[in-house]
Amino acid sequence: MDTVVALATPPGNSGVAIIRISGEGAYSILQKLTKSKQKFIPRYMYLKKIYFKNASDDALVVFFAAPNSYTGEDVVEIHAHGGYHLAQMIIDACLQFGATMAGAGEFSKRAFLNGKLTLDQAEGIMDIINAESDMQISMGSKLLNGQLVEIIANQANKLTDIIAEIEAKLDYPEYEFSAQETSNVQQNLAFIIDDLRALLNTSKNGQIIKNGVKVALVGAPNVGKSSLLNALTNTNKAIVTEIAGTTRDVIDAEYQFNGIIFRLFDTAGIHESADKVEQIGIERAKQTLNDADIVLLISDSDNICTLNTPKPIIKVFNKSDLYTPTQHADTTNKTKTTNKNVALHNTLDGYIYVSALTGENLDKLKQQIFDLTVNKQIDGNAFYLTNARHIQCVSKAIELLLQAKQTFATTTLDITANLLKSAWQSLGEITGVTSDEAIIDRIFSKFCLGK
Amino acid sequence: MEFVASYDAVVIGSGHAGCEACLALSRLNKKTLLTTLNLDSIAFLACNPSIGGTAKGQLAQEVDALGGEMGVNTDKSVLQLRMLNSGKGPAVQSLRAQVDKIVYHTKMKQTLEHQKNLEILQGEVAEILTKNGKVIGIKTALNECFACKVVVVATGVYLNSSVIIGDFKKSSGPNGYEPSTLLTSSLKKLGIPLRRFKTGTPARVDGKTIDYSKFELQPGENNYSFSYLDKPKKSKLPCHLGYTSTAMHDYIRQNIHLAPLYSGKIEGIGPRYCPSIEDKIMRFADKERHQLFLEPESTSTDEVYVQGISSSMPANVQRNMYRLIPGFENVKIMRFAYAIEYDCINATALKSSLESKSVNGLFFAGQINGTSGYEEAAAQGIMAGINAARYLNNLPAVVLGRDQAYIGVLIDDLVTKNITEPYRMMTSRAEYRLTLRQDNCDIRLTELGHDIGLVTNKRYKLYKQKLLQIKKVTDALSCMKNPQQLESLFKQKSESLPKSGLTLKECIKRNNITIFDIAKHFNLFKDISPSVLEYVNTEIKYEGYIKNEQDLINKNKKLDNISMPNLDYNTLAGLRKEARQKLNDIRPSTIGQARRIDGVSPSDINVLLVYLKLHGKI
């Protein structure tokens, strides 16, 4: 079997993140990550430098030789500093060295296949995982699962009707679709697609509950992005100096607001730089921007930033402490008592004025971020699609149904029937009624990734 | 015990399963005896005078590709050929033939009579003789014993059968033929589980009394033949399409208490897909009319088969209700419609080779296994014949996969699922429909048939020629054409002209362009047969979908390849009770088969996988 890698600890901020690699190639990946030719004795922990992209981090590494490991294969675990991005970069490096991303439940599946886990043990692990996630997102997972199955079964049921109608036309050649029947099928397909899309849209909130909101801090050098990050998260994570370009890597920290985790990513100031390391930081900043759910575009009186991105943006004017209040009723808007204040005020409409130094308006900013990302109140009783495999199944079903809707009008009926059956199977992978796909993969993909 | 004579094999029954089984055995050089209740009923078409149709056409052509007789015999007796579903896509296209039922019988009888290694005897088999769990011979009703090592039971609907027309119920086979009354108890003694099924057939009416002007003409086509060995056949006679009337529906409703199905006279379980007219009217009450087809039975009789109006109503009700069909005002019934009940076995008692799990050398094929239809019977017949011959040679059985043939789907369903009504093949039963097309039956199966030894040199040569032609066409289609060369064709077919050149293959991927358009426009493929072009066209146009299906096949194969050891499922505590019972009953040969059993859940499969893993069987 190929060598797989995944995060074995929950995604998000934690003291330690454990990256697990399993398979024949695990040992050689460990050597490549540590740029080391030394022999790693099984079950001994080593403090090593892990090299990835253009950076490195200290980590504890441990090697388990097959069959004495969780999966029964060669396993390497890297205990790195906690942090979403750091872990992701180490995983990326493993992928570059030939590992593939572990599927959902892959480690448990391998453990089972290698005789390391019996069914009972495997189910026990699943229960523990579920209990943990229950507490995290305070939703009864059984209720959730029941609800999801019900929602999906309902759609699958409607789809079964359409499939049956088409199959009847295929097996009984004397019957053809009438114009009325054709438009009924098209309409019913459209209904199912709409409903599934609505379900898929809840995955945004579902993901937010699970992984938090990603907030990118973007702006010209030295407008105080790092100070703001520290102030918002009440930490001292980012190094703050007056020298522009101090922040060369993406640093993250998080805070909770209304029960949701907001993960801030400070970025290197985006500007032309001759410094090679800083250039790389700038590249990474652009990548962070792509991954973000929302962007805080930070300016000060000396640097007015503009940014063209489809992501939601909050324009933040930092260093409000350098300004004095005007007569404006809206206390968030302040203007500097300098000569250029009038001109600035006119062009800076829509900015929120904050001070990382005094903490002014930070709560207001947090509220705005919340409003723009958590698009409706997260309701503990409502259903949100959170499981990556479920999201994938629903997305796949939608994609197949869209294709089917098209081929129904343009191609032969047998193809439409095939696509609809595949979509039905995709939904059946969630409800557990599909018998046409590999059971073993399905059962074990119920496990959370990495356990 | 004294044996009159000794054979390698005895085949009981000369219907569509029996004919294929005895031909396969004798063609594989086994000395074979075919016994039949009546020599005049060899290859008798007891219901419609037609072969093929959706999914059934594929079955018949698969039998042909393996070297069977059904396709050839159909071509000898064809009255009309039509390609069904031609607008609904290559996966579901099927050939259907109307045949002359008298010619079909006589031609098949001649073929059997001329077959080397085959003897035919009229008589009823009373007992299957066994010793130490192995077949050693048969005994007839006339108390004669014949020695043999294998028996293929292909008794169709003749076992303990009763014909029912209204209040009238009589022990009888189809069409007044004698039933077989002695064999059931012998099968019971051998531990074969039996059950009772029901089917039916419509009336035959006098064609001279039909007003055809009130029916729609359904002419045949001239471009097809059923067997790959034959040239295209001309259609000789048309069929006709008509409808029932509300007056007829009202009349049946008024008399429904006389229907045996509703009065409790019939106990057997009938097929849902082929309901009697009284069943249709009661179950689909909102439907104002039902279709019916008039099919000629033979050029040498005026009898006409009324497809769609099977019934077991009393004779006078039948006569009155048929006359309420527009065009049937003066119709004269020549043979009444009837229902027939018969004994059949639960085929889960069989291995995938169609051999009994409890008696070595005892094979079953055809309607006795709970199927319905000539093609389903023939498909099982040829496989039972092949595997009986291999049993005699100590060779492993040939089991076709669900991805390989409809025959594979059919037999896997029969031996795995607890069939609760007569089983008819439908395209929707096949999960790999795009792979199991009729245009590739020979490509799927002829090489295998050749390895088995049933494919004649003539057929094999034709097949090899076809492969060469396919290669020639495929090579020619990689030729690149520039936009100027394509312009007039693309314009004519309202396709947008590409900026750079396209290969001919890429052109065929366009919605409105077929290989035939390419052939015409570039003056290509003059020496290539249309069936080859059709095949290549399908393979190109549906390439992506076919590939997806192939991926799915490969994925599922992993589980199909895990074989199950012989174990007592009661000892596996993790299994649910129902699963334990079902698994003990059916004894699946692979994990793949186990998971297709109704009542075996994914978690039961998981328990099995854990067991196999822990015991080093995977």
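Me: Which residues do ring pairs link into a cluster?
Reply: The model is a predicted one. In chain A, ring pairs join four aromatic residues into a cluster. The members are Tyr27(A), Phe40(A), Tyr46(A) and Phe63(A).

Me: In what order do the 6 strands of the open sheet in chain A stand?
Reply: The pairing in this sheet is mixed. Strand S3 (45-52) and strand S6 (100-101) of chain A each have a single partner strand, so they stand at the edges and one side of each is left without a neighbour in the sheet. The order is S3-S4-S5-S2-S1-S6.

Me: Which strands does helix H1 of chain A touch as it packs on the sheet?
Reply: Helix H1 of chain A covers residues 26-34. Its direction makes about 70° with that of S3(A). The strands of chain A touched by H1 are S2 (16-22), S3, S4 and S5.

Me: How many residues apart in sequence are the parts that the pair of Phe317(A) and Tyr351(A) ties together?
Reply: These two rings form an edge-to-face aromatic pair, 6.2 Å centre to centre with 75° between the planes. Phe317(A) lies in strand S11 (residues 313-317) of chain A, while Tyr351(A) lies in the loop between helix H9 (341-347) and strand S12 (352-353) of chain A. The pair therefore ties together parts whose separation in sequence is 34 residues.

Me: Is Tyr351(A) buried or exposed?
Reply: A residue counts as buried under 20% relative accessible area. Tyr351(A) has 7% relative accessibility, so it falls in the class buried.

Me: Is the aromatic pair of Tyr322(B) and Phe328(B) stacked or edge-to-face?
Reply: The ring centres of Tyr322(B) and Phe328(B) are 6.4 Å apart. Planes under 30 degrees apart count as stacked. With 10° between its planes, this pair is stacked.

Me: At roughly what angle do the axes of helix H2 and helix H12 of chain B cross?
Reply: Helix H2 of chain B spans residues 56-65 and helix H12 of chain B spans residues 441-452. Their crossing is right-handed. The axes come within 8 Å and cross at roughly 35°.

Me: How do the residues of the contact of H2(B) with H12(B) divide?
Reply: H2(B) contributes Gln58(B), Gln61(B), Glu62(B) and Ala65(B). From H12(B) come Cys441(B), Asp442(B), Arg444(B), Leu445(B) and Thr446(B). These residues divide into 3 nonpolar, 3 polar and 3 charged.

Methods
Residues are numbered from 1 along each chain as its sequence is written. Chains are lettered from A and ligands numbered from 1 in the order in which they are written. This is a predicted model: local features need pLDDT of at least 70, side-chain atom pairs count only at pLDDT 80 or more; totals for chains, interfaces and linings use all residues. Side-chain values use heavy atoms; hydrogens and water are left out. Axes are lines fitted to C-alpha atoms, for helices over the stretch in contact, and angles run from 0 to 180 degrees between N-to-C directions. Helices (H or I, at least four residues) and strands (E, at least two) are DSSP runs, numbered from the N terminus. A crossing is left-handed if the near helix is turned anticlockwise from the far one by less than a right angle, and right-handed if clockwise. Contact means heavy atoms within 4.5 Å. Ala, Val, Leu, Ile, Met, Phe, Trp, Tyr, Cys and Pro count as nonpolar, Asp, Glu, Lys and Arg as charged, and the others, Gly among them, as polar. Two strands pair if DSSP finds at least two bridges between them. Rings of Phe, Tyr and Trp (its six-membered ring) pair if their centres lie within 6.5 Å; planes under 30 degrees apart count as stacked, over 60 as edge-to-face and the rest as tilted. Buried means under 20% relative accessible area, exposed over 50%, partly exposed in between (1.4 Å probe, protein chains only).
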